[in-house]
Amino acid sequence: MLKKFEMHYPIIQAPMAGVTTPKFVAACAEVGILGSIGAGYLDGEQTRNFIQEVKKLTQKPFAVNLFVQEEPRIDIDVLQKARMALQPYYDELGLSPVQSVMSNEVFEGQLQAVLDEQVAVCSFTFGIPSPEVIQRLKDKNIYVIGTATTLEEAIQVEQSGMDAVVLQGGEAGGHRGSFTNPMQLIAREDLLQHVVGNITIPIIVAGGIVSHEDVQRALAGGAQAVQIGTALLVADECEISPLYKKAILQSKPQQTTITYAFTGKAARGLTNHFTEHMKDAIVAPYPLQHHLTSTIRKESAAQGNPQYLSMWMGENSHLVQPGTVKSIIEKLV
Ligand SMILES: Cc1cc2nc3c(=O)[nH]c(=O)nc-3n(C[C@H](O)[C@H](O)[C@H](O)COP(=O)(O)O)c2cc1C
């Protein structure tokens with residue numbers, strides 16, 4: 001992988017939908033790790049433009065990450081109750097409830113952009129893409145990576161014909177890539193131990209990796225590479241809001257939580273008013289809840305109020321330190 005993708009270090013910058021920008025991805029690639037575009041929330045045209053912007057900034061290969069689509073089963077009663085649970089937040093922020101919640105079918109457009117632009121790597125989360133999708137990528141010589149959170153899922157990724165797997169430990173920031181029930185939170189080192197020897201494709205380990213020792217243990221345990229999210233969120237080149245960066249840098253141990261409240265899918269982020277008060281509320285299935293809370297998150301950001309914002313970060317957020325991508329990576333290797 002290192003040679004093929006011109007990487008100096010066995011490190012992948014985690015794809016982070018809604019966070020990654022062309023400048024950030026290119027900066028990571030230039031430092032010698034594999035940069036990844038988190039394209040999950042982009043449509044086909046936006047994905048194509050993003051890829052072209054990165055290509056203007058770097059000659060290095062990079063990855064595009066897509067969400068495997070699932071059609072939510074719409075239960076009108078649940079949707080109504082989920083809307084009612086959010087009403088106090090719409091009221092407090094002076095917003096009208098979201099009326100239309102259906103997303104457009106965008107996956108085909110994203111995939112076509114990846115194929116046309118001959119991106120080096122395409123990674124997936126939230127499941128296994130269809131055999132046809134995997135074949136179309138392979139026909140273009142694109143390296144395909146899946147995400148697994150259990151041994152069972154890792155075996156499914158291998159059996160689907162994908163080239164490598166990201167093992168996402170329970171410590172990881174952002175959405176769980178889980179696609180089998182029940183959703184499990186297995187610590188990354190335990191997960192690696194369960195999986196090594198049971199599959200033959202390369203393993204990339206993710207979740208709470210913030211130190212040189214973390215990287216060493218993953219590689220010694222049988223991983224070919226590691227994937228880093230939170231430690232790079234605080235990099236100078238990462239263009240998240242100062243509010244978000246400050247929240248990561250000031251976070252304390254045990255201050256992250258797994259919540260369904262923002263999107264309807266389990267994700268790890270900073271505990272705040274919204275995650276606490278929505279703990280027992282009815283939420284619509286993903287991606288409906290994501291659309292229902294979109295105006296709340298936007299307005300909360302506009303008002304500089306961190307209490308209703310989804311601030312995804314891993315369990316070890318309190319250990320990360322600011323710096324350039326280069327300085328952060330050099331401390332890890
Ligand atoms: C802000 C944020 C957004 C994320 N978005 C994605 C995504 O779009 N696709 C994906 O496969 N993983 C995503 N992840 C998960 C990462 O790939 C990875 O599993 C995680 O960052 C590793 O844990 P760490 O943040 O403790 O390093 C995201 C993580 C964060 C923190």
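A salt bridge is a side-chain nitrogen of Lys or Arg within 4 Å of a carboxyl oxygen of Asp or Glu. The structure is a predicted model, and it holds 15 salt bridges.

**Sheet architecture**

- An open sheet is formed by eight strands in the order S1-S9-S8-S6-S5-S4-S3-S2, with parallel pairing.
- Strand S1 (11-13) and strand S2 (36-38) are the edge strands, each of them pairing on one side only.
- On average, and with direction ignored, neighbouring strands of this sheet are turned by 25° against each other.
- The parallel strands S3 and S4 are joined by five bridges; Ala63 has Val121 in S4 as its bridge partner.
- Helix H7 (residues 188-195) packs on the sheet, where it touches strand S5 (143-148), S6 and strand S8 (203-206). The direction of H7 makes about 160° with that of S8.

**Ala164 in strand S6**

- Ala164 belongs to strand S6, which covers residues 164-168.
- Ala164 counts as buried because its relative accessibility is 0%, the threshold being under 20%.
- Leaving aside residues up to four places away in sequence, Ala164 touches Tyr143, Val144, Ile145, Gly146, Val157, Ile201, Pro202 and Ile204.
- A distance of 28 Å separates the C-alpha atoms of Ala164 and Ser327, which are 163 residues apart along the chain.

- Helix H4 spans residues 107-116, and its buried residues include Phe107, Gln110, Leu111, Ala113, Val114 and Leu115.
- The cover over the buried residues of H4 includes helix H2 (44-57), strand S3 (63-67), strand S4 (121-125) and helix H5 (131-139).

**Packing of H3 against H13**

- Helix H3 (residues 76-93) packs with helix H13 (residues 294-302) at an angle of about 35°, and their axes lie 10 Å apart.
- The crossing of H3 and H13 is left-handed.
- From H3, Leu86, Tyr89, Tyr90 and Leu93 meet Thr295, Ile296 and Glu299 of H13.
- By residue class, the contact of H3 with H13 comprises five nonpolar residues, one polar and one charged.

**Salt bridges**

- Side chains of opposite charge can pair when their charged atoms come close.
- Arg136 and Glu132 are separated by about one helical turn, because they are four residues apart in helix H5. Arg136 is partly exposed, at 21% relative accessibility.
- Arg268 and Glu315 form a salt bridge in which the closest N and O atoms are 3.3 Å apart. This pair links distant parts of the chain, 47 residues apart: Arg268 lies in strand S11 (residues 267-270) and Glu315 in the loop between H13 and helix H14 (325-332).
- Arg268 is buried, with a relative accessible area of 6%, whereas Glu315 is partly exposed at 33% relative accessibility.
- Lys279 and Glu276 also form a salt bridge, with the closest N and O atoms 3.3 Å apart. Lys279 counts as exposed at 52% relative accessibility, while Glu276 counts as partly exposed at 36%.
- A network of salt bridges links Glu171, Arg188, Glu189, Asp214 and Arg217.

Conventions
Residues numbered from 1 in each chain as written. Predicted model: local features only at pLDDT ≥ 70, side-chain atom pairs only at ≥ 80, totals over all residues. Heavy atoms only, no water. Helix = DSSP H or I, 4+ residues; strand = E, 2+ residues; numbered from the N terminus. Buried < 20%, exposed > 50% of the residue type's maximum accessible area, 1.4 Å probe, protein only. Contact = heavy atoms within 4.5 Å. Pairing = 2+ DSSP bridges. Axes fitted to C-alpha atoms, helices over the stretch in contact; angles between N-to-C directions. Left-handed = near helix turned anticlockwise from the far one by under 90°. Nonpolar A, V, L, I, M, F, W, Y, C, P; charged D, E, K, R; others polar.
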